[in-house]
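Hello,

Here is the structure I promised to pass on to you. Have a look at it first, and then read on for what turned up in it.

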Amino acid sequence: SAAKHIYKRVISGGASMVESIYNMVLEDNEDIMKSLGAFFAENGITYGFFVSGSGTMKDVELVYTEPNHGISKNLFREEMRIKAVSGQIERGKDGEINYQLNVSVIGDASGSKAGQLVSGKAARTMKIGVRKVDIKKMMK
């Protein structure tokens, strides 16, 4: 797997909760959404958050809101640098892992864009940080 486990830490509060931070590394031309799904399955991630992102992506398809146009869905072929990521990962009632990755990116031709990533590929190298939360321990 291209993903690297960076560290694990235990956070104590009223209830004990374990969270792990992962840093997923994608190489040039890797499909971002397919790689995320495989990564979550390999690492047993059923609940968590996207916490960081760096590097570049290409063939970026985003859904976002544009002034005077409403909701748009566009494909940007150029390389776009990642400025920020956010989003949540959770197992649905059907058992499937659902996730939404929101990105803020900037390209030389397109300028700054922010929205939900529908599809895209890594350009050269990119990293996505994921915080896995053990929801079972959180509920105790």
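**The aromatic residues**

Tyr99 is partly exposed, because its relative accessible area is 23%. Please keep in mind as you read that this is a predicted model. Tyr99 has an aromatic partner: its ring and the ring of Phe40 have centres 5.1 Å apart and planes at 80°, so this is an edge-to-face pair. Phe40 itself is buried, as its relative accessible area is 1%. If you wonder why two numbers were quoted for the pair, a pair of aromatic rings is described by the distance of the centres and the angle of the planes.

The count of aromatic pairs comes to 6. Which residues form one aromatic cluster? They are Tyr22, Phe39, Phe40, Phe50 and Tyr99.

**The chain as a whole**

Now for the wider view. The chain has 2 helices and 7 strands. Starting at the N terminus, the order of the elements is β-β-α-β-β-β-β-β-α. There are 140 residues in the chain, and buried residues make up 36% of them. The chain exposes about 7,800 Å², and 48% of that area is supplied by carbon and sulfur atoms.

Contacts across the sequence are worth a look too. Among the contacts with a separation of 6 or more, 64% are between residues 24 or more positions apart.

**How the strands pair**

Let us follow the strands along the chain. Strand E3 (residues 47–66) and strand E4 (residues 70–76) run antiparallel and are joined by 7 bridges. E3 and E4 form a hairpin with 3 residues between them.

Next come strand E5 (residues 80–91) and strand E6 (residues 97–107), which pair in the antiparallel sense over 10 bridges. Here you meet Tyr99 again, as the bridge partner of Ile89. This hairpin has 5 residues between its strands, and Gly95 in the turn has a positive phi of about 90°.

E6 also pairs with strand E7 (residues 111–133): the two run antiparallel, and 6 bridges join them. Val103 has Gly115 in E7 as its bridge partner. E6 and E7 form a hairpin too, with 3 residues between them.

**The nonpolar core**

The largest nonpolar core has 27 residues, and those that touch the most other members are Ile32, Leu36, Phe50, Met57, Leu101, Leu117 and Ile128. At least two residues of this core come from each of strand E2 (16–26), helix H1 (32–42), E3, E5, E6 and E7.

Leaving out residues up to four places away in sequence, Ile32 touches Leu26, Met57, Leu101, Leu117, Gly120, Lys121, Ala122, Met126 and Ile128.

Ser35 is located in helix H1. Is Ser35 buried or exposed? Its relative accessibility is 15%, so Ser35 counts as buried, the cut-off being under 20%. A polar atom of the Ser35 side chain lies 2.7 Å from the backbone oxygen of Asp31. Beyond its neighbours within four places in sequence, Ser35 is in contact with Met24, Leu26 and Glu30.

Gly107 is found in strand E6. Because its relative accessible area is 5%, Gly107 is buried. Gly107 touches Glu78, Glu79 and Met80, again not counting residues up to four places away in sequence. The C-alpha atoms of Gly107 and Ile82 are 9.2 Å apart, while the two residues are 25 residues apart along the chain.

**Two backbone angles**

Most residues other than glycine have a negative phi. Asp59 is not a glycine, yet it has a positive phi of about 50°, and Asp59 sits in strand E3. Asn68 also has a positive phi, near 70°, and its place is in the loop between E3 and E4. What is the relative accessibility of Asn68? It is 81%, so Asn68 counts as exposed.

Enjoy exploring, and write back with any questions.

Best wishes

Key: Residues are numbered from 1 along each chain as its sequence is written. Side-chain values use heavy atoms; hydrogens and water are left out. Two strands pair if DSSP finds at least two bridges between them. Helices (H or I, at least four residues) and strands (E, at least two) are DSSP runs, numbered from the N terminus. A nonpolar core is a set of buried Ala, Val, Leu, Ile, Met, Phe, Trp, Tyr and Cys residues joined through side-chain atoms within 4.5 Å. Buried means under 20% relative accessible area, exposed over 50%, partly exposed in between (1.4 Å probe, protein chains only). Contact means heavy atoms within 4.5 Å. A polar contact is a pair of N or O atoms within 3.5 Å; within protein, one must be able to donate a hydrogen and the other to accept it, and residues adjacent in sequence count only if both atoms are side-chain atoms. Accessible areas come from the Shrake-Rupley method with a 1.4 Å probe; for residues, only the protein chains shown count as cover. Rings of Phe, Tyr and Trp (its six-membered ring) pair if their centres lie within 6.5 Å; planes under 30 degrees apart count as stacked, over 60 as edge-to-face and the rest as tilted.
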